[in-house]
Amino acid sequence: MVSVTLSNPEESLAALAQIRDVAQQRAFISNATGAPTQALIESISTRIRELLPRDPDLAQIFAETIFYIASLVDTPVAWAYANRSRAQVLYTMRKSADAEPFFTEAVELFEKAGLSGELGRTLVAQMDNLMYLSRYTEALAVAGRARSALDKANDIQYISRLEIALGNLYYRLNKYSESLAHYDRAQKTLENTDDFLAIASIGLNRAYVLTEMNRFDEAVLSFELTKEHCERHGMTLWAAIADRGISQMHFRRGNYSTALRILEQVRRKHEELSDARRVGLCDMDRAEIYLELNLFDDAATIAARAYETFQKLGNKYEAGKCLAYQGIAEFKLLNDKDAEKSLVTAREIFVREGNEVWVAVIDLWRAQLFIRQQQFSLAQELAQHAAEVFEKQQAPARAANARVLSAQSWLELEETAPALQEAQKALAEIEGYHAPWVSYQCYNTLGRLKEVNGATAEAEQLYLKAIEQMESLRGNIRLDEMRMSFGRDKYQVYENIVNLKLTKGDARSAFQFVERSKSRTLIDLLEKNLETMWDAGADESPRLQHIRKIREELNIFYSRLNEVGSTARAAAADTVTKEEISRREQELVELLREVGSEKSGWATLQNMKIPQVEEVQAMLLPDEVLIEYYTIADRFQAFIIGHKTFDVVQDLTTKSAVRTCLKGLTFQLSKFHLQPAYVQEHSAQLLTAIQYHLRELHRLLIEPIQSKFCGPSLIFVPHNLLHYLPFQALYDGAQYLIDSFDITRAPSVSVLKICREKKIQKTEQDLVLAVADEMTPYINEEVEALRELLPKGLFFVGSEAREDKLRRYGQTAGKLHIAAHGIFRADNPMFSSIKLGDSWLNLFDIFNLQLGAELTVLSACETGMSTVWEGDELLGLARGFLYAGTPSLVVSLWTVNDRSTAQLMRRFYGGLQAGQSKARALQEAVVAVKADYPHPYYWAPFILMGKS
């Protein structure tokens, strides 16, 4: 080794920079000739400051070494530099509480030594650190001392750093104008200097302030220029921080998928650097985005995790924000007590912080709680006060939001004049700003008010603008699950415009808006304009390997819960297994979202043209009638379209009346889970009881429109809770609907059109997968019948009926028949599944299939059950199979009897072999089974979706 003299600081520093280990650096110093000097300490101190944004790991190593050298030099000034260096490293890693005593010690030592310049610089850094600890009064006092010391030392360049620190402090207090003024002063001071670190700091911080002031174009430019500057000077960490800012800008502009993709990349960089604070900041941002996407459970979980991080770090401002997000999520989940608790605690934090903007943000959510509790006057006062705070702080988007809520409160109080005034103020607030997440609410609220006042033409234009704004936001979301979630609370405007169009007598336009509101995310899936979480990556990255591992573990747990012979009560009592399943499902969903959000290069959505009434008529056969239901407020409307006819029947019945019947129907069906002896003994009473509810449903939903049925084939397009109804079993007192009509259904007319227009490659080879067990022995009988009816079929039974067979042969099968154990998960519909071989096929797996079958039959329990989300999005197994490529789907609405099912399937396939249409074959099969099994439980569970 070449001998190095410690008395030469430049040479020593160059040699130490090659050693990336604390112990080895110490050994180097021990073996070098000469004694370490103050000049070496100062050189290392300067290098640490330079390294922090570029190479924080080496900076940490040097911070330990400078302490060792200070112990050898052992003078107050040496210790002052060492303490400051360690404090700077801890501050950069956002361990602000740990950094504070080292800053204090360094300040005292520099002051005693009379080094005004170094004292001033240290005080600036300490002030910034105190700010992160939310000790603002102390921070401002320190700023005064720093300015005096720097003025005395005539350190113009570091006075610019002080201005930056003051700008940061006023930003955290949401005093945006003061904040910008300090950044501008700093910028002016730094003109014609090469202080790239300070220039980067100003660029980032200006961008954050401009974002909060809704000066979005200026903010984006500032972030992008700063990122380029950081990359040019090798400031990797700071470039990542700029990226997080760019992510926030995409979020503000409604580009949610892009925001999440960037955020995930940034989060990973900070994880690699073990930077807990900045990982927490990314989680805080994710929680906010998930709130906007209506993924409330996930938002609450992530916000709670980030809150714990910031609590440990002593970052009260960030902890308060996370607690607020948690409260908002709980409010959206209807957990009002938990919401109130979190919001009030967060409010107390911000009151202590002196942050009136965040106090106002929280008061706005408390106002929504009051509206839910019908305390409209209290809500209006809170909302109006919040708006005034936001206006004072030049935050127009937030001010507009508050004005909308104030207007809605006035409307509930039937005070239309002040409501109108507030709504108009809201629109004025955001004039010239791109803030669609607020503007669609402004337009919708103002439209409602105009309609109430009789200005229907103005109301219509406002509703149209609201829809345009909302759909622009929705179009920027790439993942199926996220887009569905996003729409959950945003479809009121469609209801408003449909109602307005019907009132004006424009039923054809009303129909188009009904279609525009229904199953839009499923339509995008079928048009292949949207990704699912599962198909967003195909490489074997560590992340996807982890996904596979979790899937395998879930298979084990699912099988454990569904072991043959285990009673329902025993399965329900297995809480440990259920907790393990829940934890892994949550982890899997998060991983799949990350994989989905990583994929860039997303093409512009091709929005499918919504079919007009004339196009629907052209699509229908002469003997077909389509009935599309739609709810406005609590009342059902029906649009009835024939090959040459179009009618609307308004106000058929109420949701509450249908819900009552549906509850009775569900209760009657649940009795078939009791012992067979009970069912057999009480068969006559059970039939009479269920017929009562089916008769009521027929009276409410069919009788008012029955005269419009001009053909033997009915296509039902349900809405809302009607998706849970077996239309084929509705009863007029003498006959069921299936006795007179063959029946198909579809999630929407647009989905039906896609299914009917789908090109299917003709093939004679069919695929049958069947898994019988002790609970479903008649599946084997079903399979034997199908062997005769499908002579060219491929049959895989029992352990051979595996997922790999479905993937291999499903693409070329003409008909696909799966007879197996199915489970609908009402608690988590994405994990509804079918048992195949040794694994469970859930919605994520089905999305990743490619099926060429013209018909898919899921002869299993609950395969047609779905959770119905806002926007009439169906979330269940049927969604997955439609996406995978099948245009016609036979599924079940409840747990089926395998003996009657085997008989029904024999009849159904027999009808298909005889050349009947799918709808007619299913009708005749159902009628035949009904003759042997009169109760609808046995013959009515199966429905035909899509192409008939």
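Among contacts between residues at least 6 apart in sequence, what share joins residues at least 24 apart? In this protein, 71%. Contact here means heavy atoms within 4.5 Å.

Ground rules, quickly. The model is predicted: local features need pLDDT of at least 70, side-chain atom pairs count only at pLDDT 80 or more, and totals for chains, interfaces and linings use all residues. Residues are numbered from 1 along each chain as its sequence is written, and side-chain values use heavy atoms, with hydrogens and water left out.

Now the overall picture. The protein has 948 residues, and 61% are buried, meaning under 20% relative accessible area with a 1.4 Å probe, protein chains only. I have 44 helices and 16 strands. Those are DSSP runs, H or I of at least four residues for helices, E of at least two for strands, numbered from the N terminus.

On to the cavities. A cavity is a set of points on a 1 Å grid over the protein atoms alone, where a 1.4 Å probe fits but cannot get out. The whole structure holds seven of 30 Å³ or more. Volume is the space filled by probe spheres set on the points, which are joined across faces, edges and corners.

Who lines that largest cavity? It has 45 lining residues, each with an atom within 4 Å of a point. Nearest its centre are Tyr-91, Arg-94, Asp-128, Tyr-132 and Asn-168. Helices supplying at least two lining residues each include helix 5 (76-92) and helix 17 (316-332). Helix 11 gives the largest share, eight residues.

Note on methods
1 Å grid on protein atoms, 1.4 Å probe; cavity = no way out; pocket = protein on both sides within 12 Å on 5 of 7 lines; lining within 4 Å. Buried < 20%, exposed > 50% of the residue type's maximum accessible area, 1.4 Å probe, protein only.
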